[in-house]
Amino acid sequence: NIAVVFMVDMSGSTRGWINDAEREALLLLCEALERLGDRYAIYGFSGITRKRCELFRVKTFDDAYDAEVKGRISGIQPQEYTRMGFAIRHLTGVLKEIEARTKLLITLSDGKPDDYDPAYRGEYGIEDTRQALFEARLDGVHPFCITIDEQGPEYLPHMYGAANYALVADVARLPAKVSEIYRRLTS
């Protein structure tokens, strides 16, 4: 009855220990989800201007959790900027095609929407993301964000809603906290 897509921030700001923590969290989650039997997919996202929005297929709903998927997770690398709206819209479409009573879109990110394009920075990026999340809810998808951005409480309630995000202040705890948050969301 559950289908979940993990949308992983692959922006340049995740370089280093943040990217390591994301990969570790995903590997732990996959192991747990395989035992639970929940259906899940993983996509990375990045972008640089509206002309180059990139979505990276790590694991589709149809992919088995095997050595190839583990290799894709291990290969997640920082790319460009945190352009979120397009990824939310695309992945909502992916979830719409899946039969499930509960559909979750969980974003793992280190910061707010951003882009090389100055028009997207600040309010426009936040509002574009907020609109994409609103559209997702209309389509029966429940968005949630897990962030390490200590400024997250300044903008995430506006985008996701007051109860639809979690701040993990200690990046070293991210892998354990992601599993804990997932458990809370699905029980």
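Visitor: Hi! Is Y160 buried or exposed?
Guide: Y160 is buried, with a relative accessible area of 1%. Keep in mind that this is a predicted model.

Visitor: Which helix does Y160 lie in?
Guide: Helix 5, which covers residues 152–160.

Visitor: And what does Y160 touch, leaving out residues up to four places away in sequence?
Guide: With those set aside, its contacts are M84, I88, T107, L133, R137, P143, F144 and C145. The side chain of T107 also makes a polar contact of 3.1 Å with that of Y160. As for F144, its C-alpha is 6.8 Å from that of Y160, though the two residues are 16 apart in sequence.

Visitor: Switching topic: where is D38?
Guide: D38 sits in the loop between helix 1 (17–36) and strand 2 (39–47).

Visitor: Y182, okay. Which residues of helix 6 are buried?
Guide: L174, P175, V178, S179, I181 and Y182 are buried there. Seen down the axis of helix 6, these buried residues fall within an arc of 165 degrees, so they line one face of the helix.

Visitor: What does the face turned away from the buried side carry?
Guide: On that face of helix 6 are the exposed residues R183 and R184.

Visitor: How far apart are the end C-alpha atoms of helix 6?
Guide: They are 18 Å apart, which agrees with the 18 Å that its 13 residues (174–186) should span at 1.5 Å a residue.

Conventions. Residues numbered from 1 in each chain as written. Predicted model: local features only at pLDDT ≥ 70, side-chain atom pairs only at ≥ 80, totals over all residues. Heavy atoms only, no water. Helix = DSSP H or I, 4+ residues; strand = E, 2+ residues; numbered from the N terminus. Expected span 1.5 Å × (residues − 1). Buried < 20%, exposed > 50% of the residue type's maximum accessible area, 1.4 Å probe, protein only. Arc of directions from axis to C-beta. Contact = heavy atoms within 4.5 Å. Polar contact = N/O pair within 3.5 Å; in protein donor to acceptor, adjacent residues only side chain to side chain.
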